[in-house]
Amino acid sequence: MLTTADFLQYTQWSGIATLVFAALAVLGLIFKWGIRFRLVGTTGFMLVVTAGLFALSLVPLSRTVIPGAVRYTLVYDNGSTQAVISTTPQITTSALDATLRQAASNLYSFGRLGSKTENQLTIRARALIHPEPGVTVPLYLGQVKRSLVSREDSNITVELYPEKFAQLPKPTA
């Protein structure tokens, strides 16, 4: 996976290419070359590419990896205080705990909106079960709450629902 240092290096090369195209565009305008307006367009495009690469060099792209966590799918996110993830029905309690902690870390963002009464992000985990053919029921297995204010939240609370785990289908060997 590309790192922020890689994007910074690409930004430098793109910046140099932008300056070269800008110089060619100025020369084209001075000497009235036939491709002068294409060079101006290319210079503008290179400015946009350079700005994008620079932005990617500032923001970390890595995700938190917690041992024991399984893959999850983000099902619902209101961009504020609530999100729902979906896991496999074969998940264990320890794997769900790790998965909820990983989701809490990965879904944290400075841009989430909170209020004075609700300043925590709540992520609920669900699995889909099929009690009979043609019927699908979402089964909520647990939730995690974390602060919207601090990225390094030491008060993450994970709540698992053991009675819901009893409703999950038993694996067949």
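Predicted model: local features only at pLDDT ≥ 70, side-chain atom pairs only at ≥ 80, totals over all residues.
Q: OK, how many salt bridges turn up in the whole structure?
A: The search finds two salt bridges, a salt bridge being a side-chain nitrogen of Lys or Arg within 4 Å of a carboxyl oxygen of Asp or Glu. In one of them Asp-77 pairs with Arg-112, with the closest N and O atoms 2.7 Å apart.

Q: And where do Asp-77 and Arg-112 sit in the chain?
A: They link distant parts of the chain, 35 residues apart, with Asp-77 in strand E1 (residues 73-77) and Arg-112 in the loop between helix H3 (93-106) and strand E3 (120-132); helices (H or I, at least four residues) and strands (E, at least two) are DSSP runs, numbered from the N terminus.

Q: Is Arg-112 buried or exposed?
A: Arg-112 counts as buried, because its relative accessibility is 10%, whereas Asp-77 is partly exposed at 31%; buried means under 20% relative accessible area, exposed over 50%, and partly exposed in between (1.4 Å probe, protein chains only).

Q: What about Arg-101, which residue does it bridge to?
A: Arg-101 forms a salt bridge with Asp-97, the closest N and O atoms being 3.2 Å apart. The two are separated by about one helical turn because they stand four residues apart in helix H3.

Q: Switching to rings, how many aromatic pairs are there?
A: The count comes to two aromatic pairs, where rings of Phe, Tyr and Trp (its six-membered ring) pair if their centres lie within 6.5 Å, and planes under 30 degrees apart count as stacked, over 60 as edge-to-face and the rest as tilted. Phe-7 and Tyr-10 are edge-to-face because their planes stand at 90°, with the ring centres 6.3 Å apart. Both residues lie in helix H1, three residues apart. Phe-31 and Trp-33, in turn, form a stacked pair, 6.3 Å centre to centre with 20° between the planes.

Note on methods:
Residues numbered from 1 in each chain as written. Heavy atoms only, no water.
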